[in-house]
Amino acid sequence: MDIEKLKGSWKKYTSEFQSRHFKNADDLDEILEKKSQQSLRLLKRNFFIEAGLNILLIPIILLVFVKSGLLEGTLNVVFTAIIFLILLVFLSYLYGSYRKIYKYENYNLSLKEKLEQQIDRLESFTRYYYKFLYVAYFIALIVGLSFDLPDDNTKVLFIVAIGAALGLLLFFIVVRPLAKMYVNKLYKRHILSLKQCLRELEE
């Protein structure tokens with residue numbers, strides 16, 4: 001085989017190889033795009049489910065408090081108002097986080113850039129989600145401990161100490177594990193899926 005034929009064969013081979021390479025890369029991008037979109041759709045569904053449940057909680061809490069007669073005292077009214085305020089703040093936070101995460105769908109970014117931004121926002125959202133749940137729990141605990149306290153200071157200290165101890169025990173045994181399980185179910189597993197897409201894209 002002469003040099004010219006050898007050069008021609010090599011050029012044809014490299015051209016075909018590059019064509020297959022780019023085609024495979026495009027196919028991979030398309031697969032990862034579909035995979036990430038599926039995770040984002042499930043995340044969006046979870047956002048709306050959680051928002052709907054919290055909106056539904058407002059009239060249910062009000063009905064429970066009215067039927068039980070707990071709204072008669074000033075402290076009970078304050079406690080109810082605090083619960084409503086917590087729910088409203090949480091709904092505002094949920095909506096704001098949703099907008100920040102999904103705004104990248106409207107930007108002209110590469111898949112890699114979009115995933116990096118969305119993963120960063122989602123991880124920030126879950127970190128603050130835990131903090132919000134824990135702060136809300138301890139606010140409810142403090143307000144709950146202030147109900148119907150006796151006039152005797154010794155008894156007050158005893159009741160508050162026992163209530164605080166039981167509240168902390170409940171927090172570590174029940175509230176914290178349930179919060180982690182709940183957040184993992186709704187959000188964390190989808191974040192892991194998006195991270196996997198990003199890793200495959202970078203390889």
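In the predicted model described here, F138 touches L168 and F171, when residues up to four places away in sequence are not counted and contact is taken to mean heavy atoms within 4.5 Å. The model is a predicted one, in which local features need pLDDT of at least 70 and side-chain atom pairs count only at pLDDT 80 or more, while totals for chains, interfaces and linings use all residues. Residues are numbered from 1 along each chain as its sequence is written, and side-chain values use heavy atoms, with hydrogens and water left out.

F138 lies in helix α3, where helices (H or I, at least four residues) and strands (E, at least two) are DSSP runs numbered from the N terminus. With a relative accessible area of 27%, F138 is partly exposed; buried denotes under 20% relative accessible area, exposed over 50%, and partly exposed the range in between, with a 1.4 Å probe and protein chains only. L168, which is placed in helix α4, is likewise assigned to the partly exposed class, at 40% relative accessibility. The C-alpha atoms of F138 and L168 are separated by 8.9 Å, although the two residues are 30 residues apart along the chain. For L168 and L141, which are 27 residues apart along the chain, the C-alpha separation is 9.3 Å.

The secondary structure of the chain amounts to four helices and zero strands, and the pattern read along the sequence is α-α-α-α. Among contacts between residues at least 6 apart in sequence, 80% join residues at least 24 apart.

A straight helix of 50 residues would span 74 Å at 1.5 Å a residue, whereas α4 spans only 64 Å between its end C-alpha atoms, the expected span being 1.5 Å times one less than the number of residues. The helix bends by about 55° at N184, the bend at a residue being the angle between axes fitted to the seven residues ending there and the seven starting there. L186, also in helix α4, is buried, with a relative accessible area of 12%. Leaving aside neighbours within four places in sequence, L186 is in contact with L43, N46 and E50, and the C-alpha atoms of L186 and K44, 142 residues apart along the chain, are separated by 10.0 Å.

Aromatic side chains were examined next. The structure holds 19 aromatic pairs, where rings of Phe, Tyr and Trp (its six-membered ring) pair if their centres lie within 6.5 Å, and planes under 30 degrees apart count as stacked, over 60 as edge-to-face and the rest as tilted.

Two lysines are placed over tyrosine rings. K131 lies over the face of Y128, at 5.0 Å from the ring centre, and the charged end of K180 sits over the ring of Y130, 5.0 Å from its centre; a charge sits over a ring if NZ of Lys or CZ of Arg is within 6 Å of the ring centre and within 35 degrees of the ring normal.

Helix α3 also contains S124, which at 23% relative accessibility counts as partly exposed. S124 and S97 are 27 residues apart in sequence and 9.1 Å apart in space, C-alpha to C-alpha.
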